[in-house]
Amino acid sequence: MAGAAKLTPKQERFVAEYLIDLNATQAAIRAGYSAKTAQEQGSRLLSNVMVAEAIQAAMKAREERTEITQDRVLLELSRIAFFDPRKLLRDDGSPKPIGELDDGTAAALAGLEITEEWEGSGEDRVFVGYTKKYKISDKNTAITNAMRHLGMFVDKSEVSAPGGKPLFPQPTGVLVVPGAMSVEDWESMMAKQEGGA
């Protein structure tokens, strides 16, 4: 870990704890700092150059070790979000065996249920085939997560207007187009809403 030799044992522990959930306050508490001052300590530690470098180095090492990168996560989200169910079928309309699915289609599957089908009973029982049920991952969730990552989708608690004023009325989950409204236009709209116009 770059810069780890210069960190105190408590700072090293903070770095390790911070990587768990990226919550500086909780990491400070788990590292042994006072719960009363943990929020301030966590903020102070994150602004410490050596601690920040150690966190970045540890994150990079973890990324290389696990091969979980932002690009890979976005690729998987895009596979689900833009999944085409026609890719599950052959040209004649029959379902493809799982081994024939391309990587993108297979990645969009949340599950597969295969049931053997039989006709008759006893010694006359004859195997007639399989019933395959594909469960597809939730496209809406994948699209929402991708939009959040790209800064296109925010929750109500994250939305503010110029000057830090709340933007009303604002439903949860709204597509935001930055710069679409000037400060003057926004203030005019707010004055009309407050005046009941």
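Student: How is the crossing in which H1 passes H4 called, left-handed or right-handed?

Tutor: H1 passes H4 in a right-handed crossing, because right-handed means that the near helix is turned clockwise from the far one by less than a right angle. The model is predicted: local features need pLDDT of at least 70, side-chain atom pairs count only at pLDDT 80 or more, and totals for chains, interfaces and linings use all residues. Residues are numbered from 1 along each chain as its sequence is written, and side-chain values use heavy atoms, with hydrogens and water left out.

Student: Why are H1 and H4 called oblique to each other?

Tutor: Their axes (lines fitted to C-alpha atoms over the stretch in contact) cross at roughly 45° and come within 10 Å, H4 being residues 49–66. Angles under 35 degrees are roughly parallel, 65 to 115 roughly perpendicular, over 145 roughly antiparallel, and the rest oblique. H1 and H4 are therefore oblique.

Student: Which residues make the contact of H1 with H4?

Tutor: On H1 they are Gln 11, Phe 14, Val 15, Tyr 18 and Leu 19, and on H4 Val 51, Ala 54, Ile 55, Ala 58, Met 59 and Arg 62, contact meaning heavy atoms within 4.5 Å. Nine are nonpolar, one is polar and one charged.

Student: What makes H1 and H3 roughly perpendicular?

Tutor: The axes of H1 (residues 9–21) and H3 (residues 38–47) cross at roughly 95° and come within 11 Å. H1 and H3 are therefore roughly perpendicular to each other. Gln 11, Phe 14 and Tyr 18 of H1 make this contact with Gly 42, Leu 45 and Leu 46 of H3.

Notes. Axes fitted to C-alpha atoms, helices over the stretch in contact; angles between N-to-C directions. Helix = DSSP H or I, 4+ residues; strand = E, 2+ residues; numbered from the N terminus. Nonpolar A, V, L, I, M, F, W, Y, C, P; charged D, E, K, R; others polar.
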